[in-house]
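Keep the viewer open and turn the view as you read.

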Amino acid sequence: MNKYIVPIVSALLVGFLLAKFMIDQYDKKESLTTVFNKYETLYFVRQGIYSSKESMEKNMTDFAYYIYNQNEDKYYTYIGITKNEQNLEKLKGFFEKMGYITYIEEFTVDSNAFIEILTQYDNLLLETNDESVIKAICSQVLSKYEELILNEREN
């Protein structure tokens, strides 16, 4: 009887530890969000790349709202986001008319909330040619991106 106690206790202990490890993996927020979120490729309208934050802030004063990404001591500024190619052309034309050279970058985003909001704004953007409305839509989309994506990454 004594020779069976150690293997049984060892098996129970190993089983308990493995079960705890598996349950802890499901409690992590990242694992649940990536399972249920859909990934979508979005078009980001980039205005420029700057070598310092001061230079970026000085050159971006004409824009009501913009977001930026710091990568390898460079600041990449973005002034529009869309997932619709027709809207992409509209945004490029809008900013070119204002005298800005823009570049298009594609990024994959996995936030269902942001994608739903972007879809609504894309529908509005398809229906308008009013420059003040286009400017307002760009600002709202960037604001929502910052709120739902960038701030979420920081937390």
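**From the chain to its details**

Of the chain's 155 residues, 30% count as buried (under 20% relative accessible area; over 50% is exposed and in between is partly exposed, with a 1.4 Å probe and protein chains only). Please bear in mind that this is a predicted model, where local features need pLDDT of at least 70 and side-chain atom pairs count only at pLDDT 80 or more, while totals for chains, interfaces and linings use all residues. Residues are numbered from 1 along each chain as its sequence is written, and side-chain values use heavy atoms, with hydrogens and water left out.

The chain has 6 helices and 4 strands, defined as DSSP runs (H or I, at least four residues, for helices; E, at least two, for strands) numbered from the N terminus. Starting at the N terminus, their order is α-α-β-α-β-β-α-β-α-α. Among contacts with a separation of 6 or more, 72% come from residues 24 or more positions apart, a contact being heavy atoms within 4.5 Å.

Now find helix α5, residues 112–127. With 16 residues at 1.5 Å a residue, α5 should span 22 Å, and its end C-alpha atoms agree at 23 Å apart; the expected span is 1.5 Å times one less than the number of residues. Which residues of α5 are buried? They are Phe114, Ile115, Leu118, Tyr121, Asp122 and Leu125. Seen down the axis of α5, these buried residues fall within an arc of 130°, so they line one face of the helix; the arc is that of the directions from the helix axis to the C-beta atoms. An α-helix has 3.6 residues a turn, so residues three or four places apart point the same way. The face of α5 turned away from the buried side carries the exposed residues Glu116, Gln120 and Glu127.

Next, look at helix α4, residues 85–97. Gln86, Asn87, Lys90 and Leu91 in α4 meet Asp122, Leu125 and Leu126 in α5. The axes of the two helices come within 10 Å and cross at roughly 60°, these axes being lines fitted to C-alpha atoms over the stretch in contact, with angles from 0 to 180 degrees between N-to-C directions. α4 and α5 are therefore oblique to each other (under 35 degrees is roughly parallel, over 145 roughly antiparallel, 65 to 115 roughly perpendicular, and the rest oblique).

Finally, visit the loop between β2 (67–71) and β3 (74–82), where Glu72 sits. Most residues other than glycine have a negative phi. Glu72, though not a glycine, has a positive phi of about 50°, and Glu72 is exposed at a relative accessible area of 70%. Asp73 lies in the loop between β2 and β3 too; this non-glycine residue has a positive phi of about 60° and is exposed, at 60% relative accessibility.
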